[in-house]
Amino acid sequence: MSEYTAQDFKKGQPRWCPGCGDHFFLASLHKAMAELGVAPYETAVISGIGCSSRLPYYVNTYAMQTIHGRAAAIATGTKVVNPALTVWQISGDGDALAIGGNHFIHAMRRNINLNIILLNNRIYGLTKGQYSPTSPRGFVSKSSPYGTVEDPFRPAELCFGARGRFFARSVANDGPHTIGILKRAHEHKGASVCEIMQNCVIFNNGAYDAIYTKDGRSKNAIYVEDGKPLVFGENHEYGLMQEGFGLKVVKIGENGITLSDILVHDSHCQDNTLQLKLAMMDNEHGFPVALGVIRDVEAPTYDEAVNVQIEEVKAKKPYHNFAELLETNDIWEVKEG
């Protein structure tokens with residue numbers, strides 16, 4: 001049992017709008033940290049710029065708010081120079097996927113052992129309501145008064161395309177479930193991405209209304225769990241089956257369909273074909289939104305490989321410090337006169 005409580009990780013008075021999803025997530029993060037049992041002095045929380053990026057001020061750990069879009073770069077350096085630290089990266093959809101998009105995809109590609117939290121409210125909240133890289137086409141905002149004419153990034157698609165090995169999703173106000181995926185993200189060795197869906201009550205309230213209540217999630221979401229059938233609905237009366245290269249929603253008991261016909265979730269499968277299809281489902285196309293750990297596959301990590309390489313090179317070199325380095329080459333002594 002952990003020797004820590006959520007209180008051990010709390011600090012300061014959060015300054016977010018009442019009802020903001022950041023409050024919900026922060027409470028879940030405090031509880032997850034306590035349950036993981038990693039000491040505050042062995043934990044670092046790194047963020048960029050944005051409403052959600054104020055979070056490092058509210059955790060009693062090592063913490064740093066960096067500059068816009070650079071959270072992944074600073075978090076990478078932190079992990080490489082101190083591999084023993086547990087590093088949490090906190091980013092909003094604008095911070096991570098717009099100005100920070102390049103750092104985001106390379107953190108995935110390199111498989112750096114970071115816990116990357118993507119707080120996705122589909123809006124720029126701190127700068128007062130401009131559309132973000134995840135805002136849907138046609139979205140009306142202060143920077144798109146006639147509606148956007150762009151298609152959005154879908155975080156799962158971006159993560160998978162960058163060879164991401166861990167992707168999970170939760171709704172900010174679903175505390176117990178969020179705690180569960182945060183713990184799985186920490187247990188994963190490599191870059192883990194947790195997309196947290198949340199409403200911005202001021203500039204984009206209702207973005208996730210269909211799944212923002214327990215009743216809504218029972219109808220419009222599916223909780224994926226390893227080794228369990230992919231079923232959903234108020235009474236688990238619906239399920240997912242494969243149809244060609246895609247998925248289809250079926251009702252169990254109709255047309256001879258039984259529970260044994262329903263696909264079973266496997267987040268550890270190396271082939272990400274089914275995992276990506278699950279991650280890309282949405283209500284607009286008649287599918288439930290997938291919540292939970294969708295992909296969780298182990299692979300070598302960048303930070304570990306770099307440190308192993310450093311030790312191997314050091315072992316082969318005749319010098320181990322700057323003074324010894326100077327003495328490995330020709331030496332001249334300059335005398336007066």
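**Architecture of a predicted model**

Of the contacts in the protein with a separation of 6 or more, 65% are between residues 24 or more positions apart; contact here means heavy atoms within 4.5 Å. The structure is a predicted model, in which local features need pLDDT of at least 70 and side-chain atom pairs count only at pLDDT 80 or more, while totals for chains, interfaces and linings use all residues. Residues are numbered from 1 along each chain as its sequence is written, and side-chain values use heavy atoms, with hydrogens and water left out.

The C-alpha trace spans about 100 × 45 × 45 Å along its principal axes. Ten helices and eleven strands make up the secondary structure; helices (H or I, at least four residues) and strands (E, at least two) are DSSP runs, numbered from the N terminus. Of the 337 residues, 47% are buried, where buried means under 20% relative accessible area, exposed over 50%, and partly exposed in between (1.4 Å probe, protein chains only). The accessible surface comes to about 17100 Å², with 54% of it belonging to carbon and sulfur atoms; accessible areas come from the Shrake-Rupley method with a 1.4 Å probe, and for residues only the protein chains shown count as cover.

Eight strands form an open sheet with mixed pairing, in the order E2-E1-E3-E4-E6-E5-E11-E7. Strand E2 (62–65) and strand E7 (221–224) stand at the edges, each with a single partner strand, so one side of each has no neighbour in the sheet. From one strand to the next the twist averages 20 degrees. Two strands pair if DSSP finds at least two bridges between them.

Within the sheet, strand E4 (residues 115–120) pairs with strand E6 (residues 192–197) in the parallel sense over six bridges, and leucine 119 stands opposite isoleucine 196 in E6. Helix H6 (residues 175–187) packs on the sheet and touches strand E3 (86–92), E4, strand E5 (166–171), E6, E7 and strand E11 (289–296). The direction of H6 makes about 165 degrees with that of E5; axes are lines fitted to C-alpha atoms, for helices over the stretch in contact, and angles run from 0 to 180 degrees between N-to-C directions.

Isoleucine 116 lies in strand E4 and is buried, with a relative accessible area of 1%. Neighbours within four places in sequence aside, isoleucine 116 is in contact with Gln89, Phe104, Ala107, Met108, Ser192, Val193 and Cys194.

Strand E11 is largely enclosed by the rest of the structure, because eight of its eight residues are buried. E11 pairs with E5 in the antiparallel sense over four bridges, and the bridge partner of phenylalanine 166 in E11 is aspartate 296. With E7, E11 pairs in the parallel sense, also over four bridges; here tyrosine 223 stands opposite leucine 291 in E11.

Helix H2 (residues 71–81) has as its buried residues Ala71, Ala72, Ala75, Thr76, Thr78, Lys79 and Val80. Their cover includes strand E1 (43–47), E3, helix H3 (93–97), H4 and helix H9 (302–316).

Asparagine 111 sits in the loop between helix H4 (101–110) and E4 and is buried at 1% relative accessibility. Arginine 163 belongs to the loop between helix H5 (155–161) and E5 and is exposed, with a relative accessible area of 59%.

The structure holds twelve salt bridges, a salt bridge being a side-chain nitrogen of Lys or Arg within 4 Å of a carboxyl oxygen of Asp or Glu. One of them joins the side chains of glutamate 35 and lysine 183 (2.8 Å, N to O). This pair links distant parts of the chain, with glutamate 35 in helix H1 (residues 21–36) and lysine 183 in helix H6, 148 residues apart. Glutamate 35 is partly exposed, with a relative accessible area of 45%, and lysine 183 is partly exposed at 25%. Arg184, Asp226 and Asp296 are linked in a network of salt bridges.

Phenylalanine 322 is in helix H10 (residues 322–326) and is exposed at 59% relative accessibility.
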